[in-house]
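Here is a short tour of a structure for you to explore alongside its sequence. Have a look first, and then let us walk through a domain contact and a ligand site.

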Amino acid sequence: MAQGVMVIAEQRDGEIRKVSYEVVSEGKRLADKMGWKVTAVLLGQGIKEKAAKLGHYGADKVIVVDDTKFAAYTTDAYVAKITDIVKAEDPAFLIMGASVQGKDLGARLSARLGVGMAQDCTALEVDNGNLTAIRPIYAGKAYAKVGFSDKRPHMATTRPNVMAMNEPDSSRSPEIVDADLSMDESALKTRVAEVLRDATGKVDLTEADKIISGGRGMKGPEHFNILEDLAAAIGASVGASRSAVDAGWRPHADQVGQTGKVVSPNLYIACGISGAIQHLAGMSTSKVIVAINKDQDAPIFQRADYGVVDDLFKVVPALTEEVKKISH
Amino acid sequence: MNIIVCLKQVPDTESQIKLAPDGKSILKEDLKWVMNPYDEFGVEEALRIKEKFGGSVTVVGLGPKRVTESIRTALAMGADKGILISDPALEGSDALATAKALAAAVKDIPYDIIFTGQRGVDDDNGIVGPALAEYLGIPHMSIIVKVEVSQDGKSVKCNKPVEGQTLVIESPLPAVVTAQKGLNEPRYASLPGIMKAKKKPLEEKTFAALGLNPSEFGEGARNLKVIELTPPPARKAGKIVSGDTPESKAKELARLLHEEAKVI
Ligand SMILES: Cc1cc2nc3c(=O)[nH]c(=O)nc-3n(C[C@H](O)[C@H](O)[C@H](O)COP(=O)(O)OP(=O)(O)OC[C@H]3O[C@@H](n4cnc5c(N)ncnc54)[C@H](O)[C@@H]3O)c2cc1C
Ligand SMILES: Nc1ncnc2c1ncn2[C@@H]1O[C@H](COP(=O)(O)O)[C@@H](O)[C@H]1O
């Protein structure tokens with residue numbers, strides 16, 4: 001009978017990504033309730049020495065798939081290899097982060113395995129050996145609690161930044177096993193031809209701990225530097241409303257909302273954003289929301305934990321100065 | 001190039017979502033239904049590829065009769081042909097079953113490239129595109145912002161932004177591409193386009209026509225089951241930060257974020 005929790009760890013350029021530690025931690029929490037073990041699968045090249053770290057967060061066993069074919073993520077290679085591993089290990093649950101990679105991997109893997117998958121979950125629970133999950137739908141306008149049919153594994157991806165991360169315990173050392181590397185190479189159709197690095201080096205909005213977004217109230221692209229300054233002072237990434245993106249002030253990748261990125265940072269500061277339903281949908285799962293808007297009737301204030309009714313061009317630079325004082 | 005675009009109909013993003021008394025579904029009566037915004041990018045990209053290489057664009061939608069309207073919108077934008085898969089037995093199908101039915105409908109028509117949206121803005125899944133590719137036995141590339149078909153029409157290069165970098169992925173055709181915002185600026189349907197769309201072929205297919213087994217579809221066959229829908233957790237009432245000047249408000253806000261919310 002299927003048992004145990006399997007998690008797929010994600011690495012980029014040989015470093016394990018934070019979301020993977022969140023997933024291992026969550027997997028451990030679920031496994032403990034059932035008296036199960038956590039098996040992590042780590043795919044990449046030259047990554048074996050990193051496997052022990054997954055143990056520190058709760059993995060009992062790490063299956064390492066170390067080969068050039070897995071250096072960069074491709075759906076074809078990863079899905080084929082993980083399918084073999086899942087069939088051999090027969091886990092009850094299969095969990096990964098809802099990163100760009102995890103959502104893609106999870107979707108295709110669920111089809112190959114013919115099992116249900118809950119995408120982008122904000123909470124997981126185990127009920128009698130069955131997985132249940134909470135996932136925001138309509139970009140957060142409603143929450144769905146979902147369960148699974150009898151087919152195993154029960155699959156889920158978890159939203160970055162949401163699952164609590166365990167305190168790493170470096171005395172825990174997992175069993176580390178090398179995976180069989182053989183595979184049918186004719187199944188490998190896609191390849192990464194090139195990697196274009198984002199020169200800004202900013203943390204992607206979906207994984208940012210803090211976000212400062214600007215809207216039409218910013219009046220033009222040249223004023224976003226005041227948000228960049230505040231962002232630099234508190235370690236945040238800068239986002240935007242669709243109006244700011246459609247005006248060409250900010251890149252598409254910065255759009256927050258129902259048709260942009262759905263984000264869950266610890267702190268979200270909306271500057272000159274009215275709070276249209278599509279924008280609110282994309283950020284209302286943020287832990288602390290601040291709105292700075294000169295119109296006291298702007299709908300954004302109904303969602304904000306802290307509201308400042310004033311001119312953002314005066315408030316934001318002053319806030320940056322105040323924050324610098326605190327952190328010194 | 002023969003191009004297929006999958007089209008999902010979703011509630012307009014302006015919609016307030018109201019829960020039905022069964023606690024498991026939403027009230028559908030008062031909703032305005034539109035083409036999933038990500039599918040508009042798919043339609044637009046298909047038309048641009050056709051304009052460059054020639055060929056045809058077929059739009060496939062699965063759902064109730066009202067989906068016809070969104071298919072007509074795509075035809076008015078310039079697509080050549082529409083297919084509606086509609087059958088009461090499909091009602092309530094999950095993502096995998098939907099993909100299976102779409103695969104059955106497209107497998108017998110020629111295609112070089114298939115577009116889906118990167119996710120539906122209703123259930124936020126992003127599963128149907130990759131699953132469709134799986135059932136057709138072809139590669140997929142998801143969340144794509146640039147598509148470049150090779151001169152000979154046999155392969156494609158796609159740009160996929162991942163956190164902090166962009167991957168340029170190369171794939172042989174046929175393949176499925178899931179469209180992300182940034183791919184293009186969708187055109188509006190012109191008045192002559194709308195007139196022409198009325199005469200374009202729109203075929204309706206049922207289960208029987210697709211040779212599908214109804215027991216694999218619908219609510220009862222779901223692998224992912226909705227137990228309960230709830231409104232988003234209520235946020236506690238917020239505070240308006242006090243102060244006489246913008247500077248004093250900024251100071252008070254910094255204090256609250258530091259001492260009370262403990263986020264900076
Ligand atoms: C299909 C569809 C999908 C959409 N998806 C999204 C989405 O994903 N994300 C999204 O954000 N939107 C989305 N929208 C757009 C959305 O409906 C709104 O139009 C948009 O969010 C408004 O952006 P805004 O708040 O920046 O601009 P506005 O609504 O114009 O608000 C500007 C605000 O700035 C304030 N302001 C102006 N000057 C100052 C100042 N000096 N100091 C302080 N405040 C000031 C004003 O009081 C006002 O409240 C979508 C719309 C559609 C139709
Ligand atoms: N019922 C459907 N009919 C046609 N296409 C669909 C349907 N459901 C999903 N799709 C396609 O798959 C994409 C992603 O949907 P989803 O996996 O539901 O988030 C959509 O943008 C459509 O292109």
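Between domain 1 and domain 2 of chain A, about 1000 Å² is buried, and carbon and sulfur atoms give 44% of that area. Buried area here is the accessible area (1.4 Å probe) that two parts lose on being put together, summed over both. Within the share that domain 1 of chain A buries against domain 2 of chain A, A:Ala139, A:Lys141 and A:Asn161 supply 51%, more than any other three residues.

This is a predicted model, in which local features need pLDDT of at least 70, side-chain atom pairs count only at pLDDT 80 or more, and totals for chains, interfaces and linings use all residues. Residues are numbered from 1 along each chain as its sequence is written, chains are lettered from A and ligands numbered from 1 in the order in which they are written, and side-chain values use heavy atoms, with hydrogens and water left out.

Domain 1 of chain A spans 5–187 and domain 2 spans 205–327, with bounds from an automatic or database domain assignment.

Now to the ligand. Ligand 2 is surrounded by 19 residues, each with a heavy atom within 4 Å of the ligand.

| Residue | Protein atom | Distance to an oxygen atom of ligand 2 |
|---|---|---|
| B:Lys8 | polar side-chain atom | 2.8 Å |
| B:Gly117 | backbone N or O | 2.9 Å |
| B:Asn125 | backbone N or O | 3.4 Å |

Taken alone, ligand 2 exposes 480 Å², and the protein buries 97% of that (Shrake-Rupley method, 1.4 Å probe).

Key
A polar contact is a pair of N or O atoms within 3.5 Å; within protein, one must be able to donate a hydrogen and the other to accept it, and residues adjacent in sequence count only if both atoms are side-chain atoms.
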